Amino acid sequence: MTTTAEAVVPRPRRGTHGQHEVRKRRLFWPFVAPAFALYLIFLVLPTIATVVLSFTSWAGAGDSPEFSGFTQYARMWASDSFQYSFRNTLIYVFVGGIGTFVLAFLFTMVLREMRGGKLVRAILFFPNIVAPVALGMFLGFVFKYQPGKQGLANFLLESVGLTAAKFLDPANVTWAVTAAIMWASSGFYITILMAAVDRIPPYLYEDAELAGASPWQKFRNVTLPLTWDVVGVAGVLWTINALKIFELVFVLAGPGTYSPPNNAWTLGIYVFDRSFGSNGTPDFGAACACAVAMIALVTVLVLLLRRLMRRDAIQF
Amino acid sequence: MTAPPREPVAKPVRRPPRKPKPAPGSRRLSPLKVLGTVVVWAFTAFNLFVLYWLLSSSFKTPVEIFTQPFQLPRQWFVAGDPFRNYVYAWNQAGLGSAFVNTVLLVGAAAIVTVVVSAPAAYALTRLGVRGASGMTGFVAIGMGVPFQTVIIPLFVNMAKIGLANNLFGLFLIYVALSLPFTVFLLTGFFRSLPDEMEEAAAIDGASPLRTFVSIMLPLARGGLITALILNLIGLWNETLLAIVFLQENADFTLSRALFTFYGAASYQSEYGGLIAGVAIVVLPMLVLYVVLARRIITGLTLGAGK
């Protein structure tokens with residue numbers, strides 16, 4: 001800090017400037033405190049409490065938590081419902097992620113040169129502003145299997161002479177949801193990536209075009225290297241969002257108001273079912289252990305992704 | 001990084017000239033490009049069709065929904081009662097009170113979030129305090145914490161002080177959980193503002209507080225509005241916390257009411273009413289989106305692109 005030095009050697013203008021700096025800094029805590037207080041009380045402390053509670057067994061209201069070491073984790077890891085939840089969540093993160101990004105990349109190759117590109121982007125983005133619950137109900141109609149009263153997907157299958165499929169069977173629902181998520185969220189990632197593509201100086205593409213580059217070559221040698229940092233951020237966002245998936249599966253795989261069959265679960269459903277679900281008694285300890293597993297998974301995946309994506313930033 | 005979109009302070013001087021025609025022979029039709037174009041248009045058409053399907057089905061009888069998915073609605077119009085599904089959903093699911101609850105709760109939470117986040121974001125970026133960037137990072141980490149992980153301690157402790165099953169309790173949670181993203185978005189905005197006006201205000205003798213209120217806030221208006229809209233959309237669609245923290249029908253928000261309605265209505269095969277319910281939740285956001293699409297998209301892009 002230079003304020004003391006300035007006090008010793010007073011210079012007419014710099015002096016008042018230093019004083020102004022002090023007054024500015026005095027504003028810091030009053031400005032930051034409300035936001036930080038809410039953040040600490042409602043997010044940071046509860047997260048710590050969840051970690052602590054994950055080492056206890058606690059049946060919820062009326063019971064009190066008792067320390068039980070790693071038993072919750074061991075039991076959780078051994079249970080079918082957790083293994084299904086874990087597997088399904090990984091499917092959403094990886095299969096859904098790869099699909100979404102391949103789609104988004106394909107679109108960046110085409111949209112840049114297309115007429116009406118902005119309008120197309122706005123239309124593709126639309127599913128992102130729809131409540132996941134509403135989206136789930138809507139997809140319930142699309143994927144409905146009921147002979148004579150088929151949903152849209154089966155209506156189309158049957159009208160071209162194929163047999164109807166039970167998309168929402170617990171065994172299939174994970175894949176139906178994966179496809180749905182790819183459809184619904186690709187618009188968001190297309191938008192982010194296209195915003196990055198728009199910043200690339202056009203002469204690079206013109207150069208590539210004059211050299212006779214194919215769309216793939218332009219993508220590989222111009223678009224991808226110059227949007228790499230944004231791709232990394234988008235990957236982190238995807239991981240965070242895919243890990244939280246809850247309402248969509250809850251509504252699509254189940255009757256809607258109580259938990260779906262457990263081979264369709266996600267980690268989010270596991271936590272919800274163990275704490276507030278209507279099947280059996282609550283098990284807050286197990287729910288907290290799963291919540292900690294979610295945090296651990298998101299941390300590992302994000303760190304891994306950042307490490308994989310680390311490249312020297314290209315200045316342009 | 002692009003400069004964030006601001007209110008039209010100064011229009012860009014001139015559009016760049018149209019790009020030159022490519023050299024002859026370089027515009028070959030590549031299979032990848034054809035495939036890509038087809039996929040893009042198919043996708044776009046599908047999204048538009050989905051919207052049409054949602055709107056038309058909300059006026060149909062269940063039989064029409066499943067046997068004539070492409071046609072325009074007929075029977076309720078013939079019967080002279082075209083809004084029958086909407087009336088049914090509105091009354092049976094209690095969407096009337098849910099609508100009022102949602103507008104008040106979501107509106108208040110979004111406004112308070114921005115009011116609390118703006119000074120914090122300003123302080124973190126522009127007051128020249130050491131360690132501020134570390135603190136910004138600490139708040140940003142909050143974006144990665146799934147809501148599910150904090151739900152149990154929150155619920156137990158809110159119940160102790162009588163704020164579970166309570167709209168005010170949910171309001172507090174909404175504000176707190178929207179903070180990380182909003183602060184993060186707004187730090188991006190404040191960081192991009194020019195230093196000169198702030199310095200000029202200081203030389204003119206304005207106090208730092210006054211500089212913030214009458215110089216920096218108006219300059220950041222675009223960012224504040226974007227943050228407000230993004231929070232409105234996010235909270236309007238939020239369901240998980242509403243399921244946990246609202247138990248009484250009179251307190252339900254729209255998505256919460258729709259969630260409860262789903263079980264009962266699908267049991268009674270009331271599909272038309274259900275789709276009308278979905279439409280009631282989706283349409284206000286659709287209108288907001290059509291009016292403000294550009295701002296919403298640039299805002300989200302800015303939040304993600306940093």
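**Close-up views of a predicted two-chain model**

**View 1. Helix α11 of chain A is bent.** Helices are DSSP runs (H or I, at least four residues), numbered from the N terminus. The model is predicted: local features need pLDDT of at least 70, side-chain atom pairs count only at pLDDT 80 or more, and totals for chains, interfaces and linings use all residues. Residues are numbered from 1 along each chain as its sequence is written, and side-chain values use heavy atoms, without hydrogens and water.

**View 2. Chain A meets chain B.** Contact (heavy atoms within 4.5 Å) involves 97 residues of chain A and 105 residues of chain B. The two chains bury about 9,200 Å² between them, 80% of it on carbon and sulfur atoms. Buried area is the accessible area (1.4 Å probe) lost on being put together, summed over both parts. In chain A, A:Phe31, A:Phe42 and A:Phe141 lose the most area to chain B, together 8% of what that side buries. Helix α3 (residues 28-53) gives the largest share of chain A's side, 18 residues.

**View 3. A salt bridge joins A:Lys118 and A:Asp198.** Their side chains meet at 3.9 Å, N to O; the rule takes a Lys or Arg side-chain nitrogen within 4 Å of an Asp or Glu carboxyl oxygen. A:Lys118 lies in helix α6 (residues 117-125) and A:Asp198 in helix α9 (residues 173-198), so the pair ties together parts 80 residues apart in sequence.

How values were computed: Chains are lettered from A and ligands numbered from 1 in the order in which they are written. Helices (H or I, at least four residues) and strands (E, at least two) are DSSP runs, numbered from the N terminus. The bend at a residue is the angle between axes fitted to the seven residues ending there and the seven starting there.
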